[in-house]
Amino acid sequence: MTAAAAPDEDRCPCRPLLDRLGDRWSALLLVTLQEGPSHYGELERRIGDISRKVLTQTLRSLERDGLVLRTVLAGTVVRVSYRLSPLGESLAEPLTAIRGWIDRHQPEVTAHQLTYDAARSAVPGVTELRRRHPSSTRWSTQTATASSRPASAPSAILTP
């Protein structure tokens, strides 16, 4: 009998980077920095609804990954500037392609979401069906097969 693998050992090696690029703020910061170097305050204003804590954490993570370079500018007031590293700049083309896809298809995706939400609100879910029927009712494919509806129909499976 073999010992169970550590949680990270069975994951794809690309997973941490995909998680980073897929989080809520990283891609937005990388796209913003494509326009050129920015000071911390500028990034905060341009991004908008990001907290200072999350902005700092995300910038540090992107710096750690080698995608962003941080420069401290000494002066009367110490300022920090961020810019894409060469590695971060290599993401410009794929991020621009994704952003273009989003710009072209956002109305279509929104229409699908509205259609889905309207359809889902009209059909009771499993929780609602369970609430409507006594807990002693057994839900099974045998019960569904015994009904007059064909067993392959999704609604037949939920027939008591």
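User: Which residue is the bridge partner of His39 in strand 3?

Analyst: The partner of His39 is Ser81 in strand 3. Strands here are DSSP runs of E with at least two residues, helices are runs of H or I with at least four, and both are numbered from the N terminus. Two bridges join strand 1 to strand 3, and the two run antiparallel; strands count as paired if DSSP finds at least two bridges between them. The model is predicted, with pLDDT of at least 70 needed for local features and 80 or more for side-chain atom pairs, while totals for chains, interfaces and linings use all residues. Residues are numbered from 1 along each chain as its sequence is written, and side-chain values use heavy atoms, leaving out hydrogens and water.

User: In what order do the strands form the sheet?

Analyst: The three strands form an open, antiparallel sheet in the order 1-3-2. Strand 1 (38-39) and strand 2 each have a single partner strand and stand at the edges, so one side of each lacks a neighbour in the sheet.

User: Which residues of helix 4 are buried?

Analyst: A residue is buried under 20% relative accessible area, exposed over 50% and partly exposed in between, using a 1.4 Å probe and protein chains only. In helix 4, Leu55, Thr58, Leu59 and Leu62 are buried. Viewed down the axis of helix 4, these residues fall within an arc of 100 degrees, taken from the directions from the axis to the C-beta atoms, so they line one face. In general, an α-helix has 3.6 residues a turn, so residues three or four places apart point the same way. On the face of helix 4 turned away from the buried side are the exposed residues Lys53, Arg60 and Arg64. Among the elements covering the buried residues of helix 4 are helix 1 (15-22) and strand 3 (79-84).

User: How many salt bridges does the structure hold?

Analyst: Side chains of opposite charge can pair when their charged atoms come close. A salt bridge requires a side-chain nitrogen of Lys or Arg within 4 Å of a carboxyl oxygen of Asp or Glu. The structure holds five. One of them joins the side chains of Arg46 and Glu35, at 2.3 Å from N to O. Arg46 belongs to helix 3 and Glu35 to the loop between helix 2 and strand 1, so this pair ties together parts eleven residues apart in sequence.

User: Where do Arg15 and Asp19 lie?

Analyst: Both lie in helix 1, four residues apart, about one turn of the helix.

Note on methods. Contact means heavy atoms within 4.5 Å.
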